[in-house]
Amino acid sequence: VSKYGVGLDTLDLEAARRHNVVVRWTPGVNSQAVAELAVAFMVALSRDIIPLADEVRAGRWPHHRNGRQLSSAVVGILGCGHVGQRVTRICGAFGARVLAHDIRTYEAFYRETSVQPVPLELLLRESDVVTIHVPLDRSTRGLIGAAELGLMKPDALLVNTARGGIVDEGALKGALLAGQIAGAAFDVFAEEPPTDPELLGLRNFIATPHIGGG
């Protein structure tokens, strides 16, 4: 079995082992497309683009300047593999300062791009934008829950173009409603299509139908 795309969480690996089926995947195959979507989410959230476009479409003209620039942001990359490294380069081109957390060490890349590797807790506390680029497995399922969201700045943004299940969506909804974080954008959900209309209807939440691979 050859998997096109990132991660093997959608395959029954135990069944493959029982039947002696070899499973392979090609890392990095759609990493540029996912990286570009992640950065598009950052810009859209930072400038409130989608809600304001809806206001104009409805005949209103809410002319206010309350956005922020990615060029002055601290971007936290959670998972600095193929996609995370591409996101790092794009954010660096904007002028953002980049922090990274990964269980692996990418010292040469960090030196080349002036990325600061930090523990997860510090990344969550210091980042204006946290973007997730880790696979879904036993170690990452539920990695970002209520406690982790509580560490983030009240004006911080969360982006997930990796896998549903890494973020506790119920905790995310609570954090958005309570103003614990300013906004979030997800391309992936624990259940697809997602079934929580309250979360999907929040003004400070962007949802897309798992289109990151292009």
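The exercises below treat salt bridges and a strand arrangement in a predicted model.

Local features are taken at pLDDT of at least 70 and side-chain atom pairs at pLDDT 80 or more, whereas totals for chains, interfaces and linings use all residues. Residues are numbered from 1 along each chain as its sequence is written, and side-chain values use heavy atoms, with hydrogens and water left out.

**Exercise 1.** Find where Glu 14 and Arg 17 lie and describe how their side chains meet.

*Solution.* Begin with the count: the structure holds nine salt bridges, a salt bridge being a side-chain nitrogen of Lys or Arg within 4 Å of a carboxyl oxygen of Asp or Glu. One of these joins Glu 14 to Arg 17, with 3.1 Å from N to O. Finally, consider exposure, where buried means under 20% relative accessible area, exposed over 50%, and partly exposed in between (1.4 Å probe, protein chains only). Glu 14 is partly exposed at 41%, while Arg 17 is exposed at 55%.

**Exercise 2.** Which parts of the chain does the salt bridge between Lys 173 and Glu 198 link?

*Solution.* The closest N and O atoms of Lys 173 and Glu 198 are 3.1 Å apart. This pair links distant parts of the chain, since Lys 173 belongs to helix H8 (residues 169–178) and Glu 198 to helix H9 (residues 197–200), 25 residues apart. Lys 173 is buried, with a relative accessible area of 17%, whereas Glu 198, at 42%, is partly exposed. A network of salt bridges links Lys 173, Asp 196 and Glu 198.

**Exercise 3.** In what order do the seven strands of the open sheet run, and what packs on the sheet?

*Solution.* The order is S5-S4-S3-S6-S7-S8-S9, with parallel pairing; two strands pair if DSSP finds at least two bridges between them. At the edges are strand S5 (116–117) and strand S9 (205–207), each of which pairs on one side only. Within the sheet, four bridges join the parallel strands S3 (residues 74–78) and S6 (residues 129–132), and Gly 76 has Val 130 as its bridge partner in S6. Helix H2 (residues 31–46) packs on the sheet and touches S3, S6, strand S7 (157–160), strand S8 (183–186) and S9, contact meaning heavy atoms within 4.5 Å. The direction of helix H2 makes about 150° with that of S7, where axes are lines fitted to C-alpha atoms, for helices over the stretch in contact, and angles run from 0 to 180 degrees between N-to-C directions.

Terms used:
Helix = DSSP H or I, 4+ residues; strand = E, 2+ residues; numbered from the N terminus.
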